[in-house]
Amino acid sequence: MSVDVSRPPESISAPTAWQRLRAWIANPWGRPRFLTVFTWLYITWCIIPVLIAVQFGFNEGRSRTAWQGFSFRWYFDDPDLSVWNDPSLRQALYQSLKLAVGTMLVATPLGVALAIGLARWRGRAAKPANFLMLFPLITPEIVMGVSLFLVFVYLFQVVQLGTTAQVLGHITFTISYVVIVVRGRLFAIGPDYEEAAMDLGASPTQALRLVLLPMLAPAIWASLAIAFALSIDDFVISYFLRAEASTETIPTRLYSGLRLAPSPALNALATILLAFSMLAVTFAGLFLRRSRRREGRKGSAVEELARLDI
Amino acid sequence: MSGTGEAYSRRRWTWPAFAAPGLLWLILLFLVPFYAILAVAMGHRDPIFNTAEPVWNPAQWDPGIFGEVANEIFTGQLGVIFLRTVAYVAIASLLSLIVGYPVAYFVARHSGKRKLLYLVLILTPFWIPYLMRMLAWVNLLESSGYINDILTFIGVLAEPRDWLGGRSETVVLGLVYGYVPFLILPLFAALDRIDQSTIQAARDLGASPFRAFLHVTLPLSRQGILAGLVIVMLPMFGDYYTNNLLSKSPRTRMVGNEIDLFINSNSGESQGATITVLLMGMVGVLMAYYLISVARATREARA
């Protein structure tokens with residue numbers, strides 16, 4: 001028979017739930033407790049309204065304020081008003097996806113190349129170039145929207161307002177985010193691997209292609225996902241650059257719908273948008289985690305995403 | 001095989017060449033459009049149709065429309081709208097700080113083993129589409145919505161209130177709800193960077209937890225507070241959609257709404273562009289501050 005010595009004596013074990021409850025009642029505003037409650041209230045406040053909105057997308061009836069039972073009426077079943085059967089809603093979904101895929105495919109290569117260039121380039125023009133890259137991140141979107149609208153109407157008249165203008169606008173504000181994501185990885189990788197490759201006889205381009213790009217791959221995949229999410233979430237740029245009804249995106253369609261004729265179909269459309277956005281961001285998080293593992297660094301990818309200054 | 005000299009010269013031009021397409025893109029579709037706003041604002045107007053006639057040569061710029069808009073600011077409605085915008089943004093960003101600081105502080109300092117979970121939770125609203133979040137509040141605030149249900153049920157209100165009928169408090173709270181997540185992230189980063197041993201030292205030297213917070217944590221998080229405030233103030237200054245969704249009344253109109261109305265009417269592009277230039281002047285100081293502090297942080301991180 002043996003005594004389990006790893007188990008601590010009862011008297012110094014952690015307080016029981018009852019003891020903790022009593023301590024909490026005695027001093028409910030002890031610092032961490034107050035902060036815990038406050039943080040959970042904040043999280044609830046942020047997320048519950050959205051969940052309620054999701055719920056009403058599944059409402060049986062026409063109301064957005066009273067629950068009348070579960071159905072897919074506003075997604076498929078309603079022959080005129082559902083997302084699937086109302087041409088304006090379906091078109092908005094299609095337009096949003098088109099813009100997001102286009103933006104992702106163009107902004108990512110441009111941004112990756114720009115990040116590599118800016119991280120390695122030591123010339124005199126490197127600094128202003130860096131500032132130019134940062135500007136779109138902090139310029140209020142309405143200013144970018146107005147400026148792109150005016151430039152397409154009065155200067156680059158080859159580009160018509162509508163899909164082309166919208167894609168060009170989305171790419172413009174997305175490039176900088178791609179740069180920020182990739183640049184973080186580049187700083188972490190450092191120049192050593194490339195230099196080692198070149199010492200072993202690789203040309204700079206070979207070093208880049210065979211050493212750096214494979215190391216960057218997860219960050220590049222993450223950038224694709226982030227570019228997709230940024231584009232599909234965007235409202236202001238799409239709004240200023242839209243033309244005929246077929247160039248409405250999900251966010252602009254939600255905006256006009258909410259102002260003129262709210263319906264649970266809008267909740268359903270918004271839920272679809274939410275799903276795409278969340279899916280893209282989850283992918284981005286997973287790829288960033290892989291990229292951190294590859295560098296053998298501690299900490300989490302989520303932390304990284306939170307630190308992503310702007 | 002390339003010789004060393006050739007490789008060197010290739011290296012010298014390689015990196016700018018990599019940056020070139022992206023930079024060219026930003027020059028053509030960010031800087032040039034920006035110039036287009038100035039060209040329209042300082043340009044002429046068609047005397048009959050009132051459409052804008054941009055002037056691209058700065059030597060021929062005409063401050064006529066500027067004078068008109070300035071006059072509207074000092075004597076007309078536009079001045080009130082500018083003041084209202086500043087007031088809304090000031091209140092909303094301060095409220096955001098009051099809500100955001102405890103959350104960022106908790107996650108950075110006290111979340112312990114669950115830090116990852118909390119980070120995911122505070123990052124989530126950041127990626128929920130903005131229009132989805134506003135739609136949620138439009139639903140809740142409708143006259144038959146849950147907010148009125150709850151408030152009348154517990155007796156705060158005798159009868160449902162028309163929250164969406166042009167109320168300042170709805171708009172300000174909408175702005176807070178919309179932008180708080182953006183403030184929490186830089187604040188979290190700043191608080192998380194603080195070396196715990198500095199706080200421990202203050203405590204060991206006899207400071208109470210509160211004094212340690214006041215004299216160590218708070219000053220060390222100043223950068224984060226300022227960065228967070230700037231990050232939420234910039235989009236708030238240009239916001240028009242939050243306002244339009246949560247209030248259908250001109251009583252709560254902000255500068256962004258004016259720009260939207262002018263640009264999207266066929267005859268107001270010149271005024272719209274001019275007000276945009278004025279807005280840029282207002283937020284330019286904030287942007288400069290932010291860029292300088294980012295540049296400083298990057299330098300420190302690299303060193």
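In the predicted model, 76 residues of chain A are in contact with 82 residues of chain B. On the side of chain A that touches chain B, the greatest contribution comes from helix α2 (residues 31–57) of chain A, which supplies 15 residues. By residue class, that side of chain A divides into 55 nonpolar, 12 polar and nine charged residues. The model scores ipTM 0.89 and pTM 0.88.

Confidence in chain A is highest in helix α10 (residues 236–241) of chain A, at a mean of 95, and lowest in helix α13 (residues 301–307) of chain A, at a mean of 54. Chain B averages a pLDDT of 86, with 95% of the residues scoring at least 70. In chain B, helix α3 (residues 77–110) of chain B has the highest mean, at 93, whereas helix α1 (residues 4–41) of chain B has the lowest, at 81. Over residues 1–9 of chain B, pLDDT stays under 50, and the model has five contacts beyond four places in sequence for this stretch.

Chain A has 13 helices and zero strands. Of the 310 residues of chain A, 45% count as buried. Among contacts in chain A between residues at least 6 apart in sequence, 71% join residues at least 24 apart.

Leu21(A) lies in helix α1 (residues 17–26) of chain A. Leu21(A) has 11 other C-beta atoms within 10 Å, so this residue is exposed. Between Leu21(A) and Ala92(A) there are 52 Å in space, C-alpha to C-alpha, and the two are 71 residues apart in sequence.

Ala119(A), by contrast, is found in helix α4 (residues 87–120) of chain A. Ala119(A) counts as buried because it has 22 C-beta neighbours inside 10 Å. Once neighbours within four places in sequence are left aside, the contacts of Ala119(A) are Arg183(A), Leu186(A) and Phe187(A). Ala275(A) is 156 residues away from Ala119(A) in sequence, and their C-alpha atoms are 34 Å apart.

The third residue leads back to the partner chain. Asp233(A) lies in helix α9 (residues 204–233) of chain A. Asp233(A) is buried, since 24 other C-beta atoms lie within 10 Å. Leaving aside neighbours within four places in sequence, Asp233(A) is in contact with Ser277(A) in chain A and with Pro129(B) and Tyr130(B) in chain B. Ile250(A) is 17 residues from Asp233(A) in sequence, with a C-alpha to C-alpha separation of 8.5 Å.

Tyr130(B) also takes part in a helix packing within chain B, among the residues of α5(B) that meet α7(B). Helix α5 (residues 130–141) of chain B packs with helix α7 (residues 168–193) of chain B at an angle of about 140°, their axes being 11 Å apart. This crossing of α5(B) and α7(B) is right-handed. From α5(B), Tyr130(B), Arg133(B), Met134(B), Trp137(B) and Leu141(B) meet Thr170(B), Gly174(B), Tyr177(B) and Gly178(B) of α7(B). The residues of this contact comprise five nonpolar, three polar and one charged.

Helix α7 of chain B also packs with helix α4 (residues 115–127) of chain B: the axes come within 8 Å and cross at roughly 135°. At that angle, α4(B) is oblique to α7(B). The crossing of α4(B) and α7(B) is left-handed, whereas that of α5(B) and α7(B) is right-handed. Here Ile122(B), Pro125(B) and Phe126(B) in α4(B) meet Pro181(B), Phe182(B), Ile184(B) and Leu185(B) in α7(B). The residues of the contact of α4(B) with α7(B) divide into seven nonpolar, no polar and no charged.

Further along chain B, eight of the nine residues of helix α12 (residues 255–263) of chain B are buried, so this helix is largely enclosed by the rest of the structure. The buried residues in α12(B) are Val255(B), Gly256(B), Asn257(B), Glu258(B), Ile259(B), Asp260(B), Phe262(B) and Ile263(B).

Conventions
Residues numbered from 1 in each chain as written. Chains lettered and ligands numbered in written order. Predicted model: local features only at pLDDT ≥ 70, side-chain atom pairs only at ≥ 80, totals over all residues. pLDDT = per-residue confidence, 0-100. Helix = DSSP H or I, 4+ residues; strand = E, 2+ residues; numbered from the N terminus. Contact = placed C-beta atoms within 7 Å. Axes fitted to C-alpha atoms, helices over the stretch in contact; angles between N-to-C directions. Left-handed = near helix turned anticlockwise from the far one by under 90°. Nonpolar A, V, L, I, M, F, W, Y, C, P; charged D, E, K, R; others polar. Buried ≥ 20, exposed ≤ 12 C-beta atoms within 10 Å, placed from the backbone. Parallel < 35°, antiparallel > 145°, perpendicular 65-115°, else oblique.
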